[in-house]
Amino acid sequence: MQTKSKSGRAFTLPSSDEESGINEGIAEDADTRELTDEEFRRLRPVGRPKAETTKERITIRLSPEVVEQFRATGSGWQTRMDKALQEYLRTHSQSDIERLG
């Protein structure tokens with residue numbers, strides 16, 4: 001059966017016969033077992049925790065000099081660039097920003 005994930009990725013679910021075969025394989029393997037519903041509930045998500053405030057993904061064109069300077073600072077350069085822009089916004093008015101264009 002063809003279905004889609006929340007992200008829109010298409011995948012095929014096993015048929016009833018395939019599902020039975022999978023379950024038989026699990027039952028025959030002493031090192032493998034299916035988790036209970038309670039065990040599934042206790043599992044913790046993998047990966048970094050969700051941020052309280054998420055950032056917006058955009059596409060932007062920057063001068064090579066700007067990108068080079070920030071990249072040269074190593075891992076986390078995009079976060080540092082975001083912080084530099086935030087600092088600029090704190091110290092400049094809307095009309096200052098408009099004059100740049």
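I began with charge: the protein has 17 positive and 19 negative side chains, and the centres of the two sets lie 10 Å apart. I counted Lys and Arg as positive and Asp and Glu as negative, leaving out His and the chain ends. I placed each charge at NZ of Lys, CZ of Arg, CG of Asp or CD of Glu.

A reminder to myself: this is a predicted model, where local features need pLDDT of at least 70, side-chain atom pairs count only at pLDDT 80 or more, and totals for chains, interfaces and linings use all residues. Residues are numbered from 1 along each chain as its sequence is written, and side-chain values use heavy atoms, without hydrogens and water.

Next I checked confidence (pLDDT, the predictor's own score for each residue, from 0 to 100). The mean for the protein is 91, and 100% of its residues reach 70 or more.

Then I listed the elements, which are DSSP runs numbered from the N terminus: helices (H or I, at least four residues) and strands (E, at least two). I found five helices and two strands, in the order β-β-α-α-α-α-α from the N terminus.

On to overall form. Along the principal axes, the C-alpha atoms fill a box of roughly 70 × 30 × 25 Å.
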